[in-house]
Amino acid sequence: MRNAVRHLPLRARVGALAALGVGLAILATAIAAYATVSVQLTKSVDENLRARAYDAVPGVLTDPTELQEIPGEAFGASYLRVALLRSDNVAVSPRGESTIPPLGDAELDAPRGNTPQTFRTASLDDQTYRVVAVPVTQD
């Protein structure tokens, strides 16, 4: 291989080196663009989820009795999984226990007011979810 490169004319070697440089520049640009778009999409999803969660706080979604009376189809149409975490750490969902989003320690801390809000990616039954938790204060 080394001898084959040595026997190439200088013009061919410079051309190959330039092509390699251009290829690496394109690769670096593509990786940077992917990372930027990925971060911005995640940020946009998080902001949308946070706004929806805080908009739901003063509504019927914070009353366990009313939450269970909401037809499950209302949430199914928007691909949402909603749960209200009671003070005894029992989650209530309008479509039953099987539709409770994946809850972890981060979600247990937010309702207690230890953190203002939490975001994380969680998996459940081979599905990936973006989970947000916000505290609900009772007046």
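The model is predicted, and every value below was computed from it.

**The chain as a whole**

- Of the 139 residues in the chain, 20% are buried.
- The accessible surface of the chain amounts to about 10,000 Å², and carbon and sulfur atoms account for 58% of that area.
- When contacts between residues at least 6 apart in sequence are considered, 33% of them join residues that are at least 24 apart.

**Helix 2**

- Leu17, Leu20, Leu24, Leu27 and Ile31 together make a nonpolar surface patch of about 530 Å².
- One member of that patch, Leu27, lies in helix 2 and is classed as partly exposed because its relative accessibility is 48%, a value that falls between the limits of 20% for buried and 50% for exposed.

**Salt bridges**

- Side chains that carry opposite charges can pair when their charged atoms come close.
- The structure has 2 salt bridges.
- In one of them, the side chains of Asp46 and Arg130 meet with an N to O distance of 2.7 Å, and this pair links distant parts of the chain, since Asp46 belongs to helix 2 and Arg130 to strand 4, 84 residues apart.
- The two partners are classed in separate ways: Asp46 counts as buried because its relative accessible area is 13%, which is under the 20% limit, while Arg130 counts as partly exposed at 29%.
- If neighbours within four places in sequence are left aside, Asp46 is in contact with Phe119 and Arg130.
- Another salt bridge is formed by the side chains of Arg50 and Glu47, with an N to O distance of 2.6 Å; these residues are 3 apart in helix 2, so about one helical turn separates them.
- Both residues of this pair are partly exposed, Arg50 with a relative accessible area of 24% and Glu47 with a relative accessibility of 41%.

**Strand 3 and strand 4**

- Strand 3 and strand 4 run antiparallel and are joined by 7 bridges.
- Which residue of strand 4 is the bridge partner of Arg120? The partner of Arg120 there is Val131.
- The two strands form a hairpin with 2 residues between them, and in this hairpin Asp125 takes a positive phi near 55°.
- In a regular strand, the side chains alternate between the two faces of the sheet.

Notes. Residues numbered from 1 in each chain as written. Predicted model: local features only at pLDDT ≥ 70, side-chain atom pairs only at ≥ 80, totals over all residues. Heavy atoms only, no water. Patch = residues over 30% accessible without salt bridge, like charges linked within 9 Å, V, L, I, M, F, W, Y side chains within 5 Å. Areas by Shrake-Rupley, 256 points an atom, 1.4 Å probe, with all protein chains shown as cover. Salt bridge = Lys/Arg side-chain N within 4 Å of Asp/Glu carboxyl O. Helix = DSSP H or I, 4+ residues; strand = E, 2+ residues; numbered from the N terminus. Buried < 20%, exposed > 50% of the residue type's maximum accessible area, 1.4 Å probe, protein only. Contact = heavy atoms within 4.5 Å. Pairing = 2+ DSSP bridges.
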